[in-house]
Amino acid sequence: MNYDELTLECEKENILVAEMPMECYDGRIIGNFVLINTKMNQTQKACVLAEELGHYHTTVGNILDQTDVSNRKQERTARLWAYNKQIGLSGLVKCFEERCRNKYEMAECLGVTEEFFHDALECYRQKYDISVSYDCYEIYFEPTLLIHKKSKEETQR
């Protein structure tokens, strides 16, 4: 989803989004109020807003202290939520079907930054290990990203 679509979704969920210049953060959420740094482009803002929405839906309390294991777990959960919102396994398949040739094209196709895309792939690799089946596709994360559409014979096994 692009930044405008995400802000509309926030409105429907009574989450207030405001933009302002911030020195230390790209985004922050306090209750149902999200601050987004104005010093970013629309694609960066969409990635940050998705992560802040992930915190809204999955995080409990103040998790700024990342030396706490529980806080790091909540951070990872919020980021996974954002990756699934903006990319997901369906997004990887979309990139395959649209014949994206590299990670830059895939990130552009999905409307995310290259860094966000790279981090999502690493998170998916940790979650799914080497590969995962999705619909009629096999998605491999190691040794590099590879998406294979299964034949009818393969899907019947």
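Me: As I understand it, two residues are in contact when they have heavy atoms within 4.5 Å of each other. With that in hand, which residues in H1 meet residues in H2?

Reply: Good place to start, and please keep in mind that this is a predicted model. On the H1 side you will find Tyr3, Asp4, Leu6, Thr7 and Cys10. They meet Gln42, Lys45, Ala46, Leu49, Ala50 and Leu53 in H2.

Me: At what angle do H1 and H2 pack?

Reply: The angle is about 30°, and the two axes lie 8 Å apart. Angles under 35 degrees count as roughly parallel, so H1 and H2 are roughly parallel to each other. Their crossing is left-handed.

Me: Let's step back to the whole chain. How many helices and strands are there in the protein?

Reply: There are 7 helices and 6 strands. Going along the sequence, the pattern reads α-β-β-β-α-α-α-α-α-β-β-β-α. The C-alpha trace spans about 50 × 35 × 25 Å along its principal axes. Take the contacts between residues at least 6 apart in sequence: 45% of them join residues at least 24 apart.

Me: Now for the sheet. In what order do the strands of the open sheet run?

Reply: This sheet has 3 strands in the order E4-E5-E6, and the pairing is antiparallel. The edges are E4 (131-134) and E6 (146-149), each of which pairs on one side only. From one strand to the next, the twist averages 20°. Helix H4 packs on the sheet and touches E4, E5 and E6, with its direction at about 100° to that of E5. If you zoom in on E4 and E5, they pair over 4 bridges, and Tyr134 has Tyr137 in E5 as its bridge partner.

Me: And the interior? Which residues of the largest nonpolar core touch the most other members?

Reply: The general idea first: in soluble globular proteins, nonpolar side chains tend to be buried together. Here, the largest nonpolar core has 38 residues, and Ile87, Leu92, Phe117, Ile139 and Phe141 touch the most other members. Among the elements that each supply at least two residues to this core are helix H2 (42-58), helix H3 (69-86), helix H6 (114-128) and strand E5 (137-140). As for burial overall, buried residues account for 38% of the 157 residues in the protein.

Me: Which residues is Leu92 in contact with, leaving aside its neighbours within four places in sequence?

Reply: Leu92 is in contact with Ile87, Met106, Phe117, Leu121, Tyr124, Ile139, Phe141 and Ile147.

Technical notes. Residues numbered from 1 in each chain as written. Predicted model: local features only at pLDDT ≥ 70, side-chain atom pairs only at ≥ 80, totals over all residues. Heavy atoms only, no water. Core = buried A, V, L, I, M, F, W, Y, C linked by side-chain atoms within 4.5 Å. Buried < 20%, exposed > 50% of the residue type's maximum accessible area, 1.4 Å probe, protein only. Pairing = 2+ DSSP bridges. Axes fitted to C-alpha atoms, helices over the stretch in contact; angles between N-to-C directions. Parallel < 35°, antiparallel > 145°, perpendicular 65-115°, else oblique. Left-handed = near helix turned anticlockwise from the far one by under 90°.
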